[in-house]
Amino acid sequence: MTRGSIPDDDDTVARKGKVVTTTEGWPELLRCTTTKPPPILLDELIEEILLRIPASSLVRLGNSVCSSWRTLISSSRFAKDHLRRSMAVDPALTHPRIAYYSTNYPYPTIGIFSVRSVLENPLHEPTKVVAYEGRRWRSIIGSCNGLLCLHDGELGDRAILWNPCTGFTSQPRKIGGLFNYYGFGYDHVNDKYKLFGSAIKRSGESVTRIFTFGPKSKRRTIQDFPYRLPDKRASVGGSVGLFVSGTGTLNWLLLDCSGSFVAVLSLDLVKETYSQFSAPKRKSGDAFPVFPHLSILRGCLAVCYETKKTHWTLWLMKDYGVPQSWTKLPIIPHHPLLVNPRTNPELQPLYMLENNVLLAKSPSCKLVLCNLNDGSINFPIIDSSSDGMTKHRPLSWGSYSRIFYIYHESLVSPSHFGLPGCSSEMRLFKPAL
């Protein structure tokens with residue numbers, strides 16, 4: 001499979017006989033030359049060392065190591081072990097990034113920037129956006145294990161899987177049209193990546209399908225999605241089902257017509273069945289028009305409420321599917337720079353560190369850093385000048401008409417589960433001078 005180009009980081013150049021470090025702090029002993037013969041290491045020890053290196057660093061090392069190491073790094077088993085270790089032991093191995101696309105204009109580009117850079121950079125140092133270009137406009141319909149599932153906005157019935165870290169993409173696959181509700185995730189029991197979609201035909205009949213990616217991709221009809229557009233019983237908060245890693249589930253937020261009852265609708269991608277469990281109760285003074293927002297924070301389901309028009313309340317579900325495990329976090333006060341009186345005051349959490357610093361999309365459409373410990377806010381500087389979306393305002397001014405997805409870098413490749421590759425689907429975007 002062909003690999004797309006990956007932008008270089010500001011690595012220190014390795015010099016003969018010296019040990020140098022990358023910007024990520026990893027010794028480049030693998031690329032340095034010495035005057036003495038290198039020691040002989042056991043294969044098991046070599047693999048254990050490589051498993052401790054971040055995915056992006058391993059990608060850069062790919063063409064600089066011996067063929068046996070290159071074969072190991074590119075193998076499906078190693079990619080799974082690396083992903084498993086990063087999720088269970090060291091999350092720093094899979095750097096979180098944000099990918100976004102435009103909804104108002106059919107730009108063929110997708111912008112990507114580092115979450116860690118936004119959270120750690122001083123406010124006067126901008127975070128750079130790197131853009132990738134496809135053959136045509138594509139929307140993002142899900143992320144899972146480092147893979148982005150892209151929907152072809154022009155052909156309408158095709159999807160591709162793309163790993164921005166490695167540059168690998170799959171050939172477009174027919175998925176059967178547009179969906180009202182959809183989601184992309186991983187069936188960990190059967191080791192399958194699946195795309196869920198529910199649509200209403202012109203006849204008014206609903207159809208719900210699961211599309212399984214593989215060498216012989218399959219599409220099968222399952223039990224109908226329990227809610228339709230519109231539905232008198234409850235409103236579904238958004239079209240996209242959020243994948244919760246380790247559970248094999250896609251999740252949607254439900255709000256009944258009275259606005260008092262909130263629940264989570266869950267689709268089990270292993271059993272391909274639905275279930276439902278309660279979310280934290282809204283207080284009687286909460287504004288009904290403001291729909292709660294569902295997100296994934298620290299690997300857990302999270303619900304964000306606008307409360308009494310004075311602050312937002314954030315809840316984390318520590319134990320998936322157990323309503324008693326909903327845990328309330330410190331409130332986020334309303335701030336004049338966050339609230340836009342002409343828009344719905346919905347705060348959209350994107351990512352949160354262990355120190356309770358939250359990256360979110362504010363009602364004013366600006367990206368904001370909220371410190372839940374002291375209530376302070378900061379607006380990061382993001383340089384989006386090279387994302388190719390020329391009709392949009394700079395991202396630091398506002399994120400209007402742009403949809404954001406969090407993904408974590410990994411070595412998972414579509415080729416690992418039998419999908420043929422296509423080298424020209426996504427490539428590094430070079431703005432015109």
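This short talk covers one serine and some aromatic rings in a predicted model.

Let's start with S198. Find strand β10, residues 192-200; S198 is in that strand. Is S198 buried or exposed? Its relative accessible area is 5%, so S198 counts as buried, since the cut-off for buried is under 20%.

What does S198 touch? Leaving out residues up to four places away in sequence, the list is F179, N180, Y181, V207, T208 and F225. Look at T208 again. The side chains of S198 and T208 make a polar contact, at 3.2 Å.

Now the rings. How many aromatic pairs does the structure hold? There are 16. Take Y132 and W162. Their ring centres are 5.2 Å apart. Their planes stand at 70 degrees, so this pair is edge-to-face. The pair links distant parts of the chain, 30 residues apart. Y132 is in strand β4, residues 130-134. W162 is in strand β7, residues 158-162. Both residues are buried.

Next, F225 and Y274. F225 was also on the S198 contact list. The ring centres of F225 and Y274 are 6.1 Å apart, and the planes are at 80 degrees, so this pair is edge-to-face. Here 49 residues separate the partners. F225 is in the loop between β12 (218-221) and β13 (234-244). Y274 is in strand β16, residues 273-278. Both F225 and Y274 are buried.

Rings can also join up in a group. F184, Y186, Y193, F211, F213 and F417 form a cluster linked by ring pairs.

Last stop, a charge and a ring. The charged end of K366 sits over the ring of F379, 5.3 Å from the ring centre.

Conventions
Residues are numbered from 1 along each chain as its sequence is written. Side-chain values use heavy atoms; hydrogens and water are left out. Helices (H or I, at least four residues) and strands (E, at least two) are DSSP runs, numbered from the N terminus. Buried means under 20% relative accessible area, exposed over 50%, partly exposed in between (1.4 Å probe, protein chains only). A polar contact is a pair of N or O atoms within 3.5 Å; within protein, one must be able to donate a hydrogen and the other to accept it, and residues adjacent in sequence count only if both atoms are side-chain atoms. Contact means heavy atoms within 4.5 Å. Rings of Phe, Tyr and Trp (its six-membered ring) pair if their centres lie within 6.5 Å; planes under 30 degrees apart count as stacked, over 60 as edge-to-face and the rest as tilted. A charge sits over a ring if NZ of Lys or CZ of Arg is within 6 Å of the ring centre and within 35 degrees of the ring normal.
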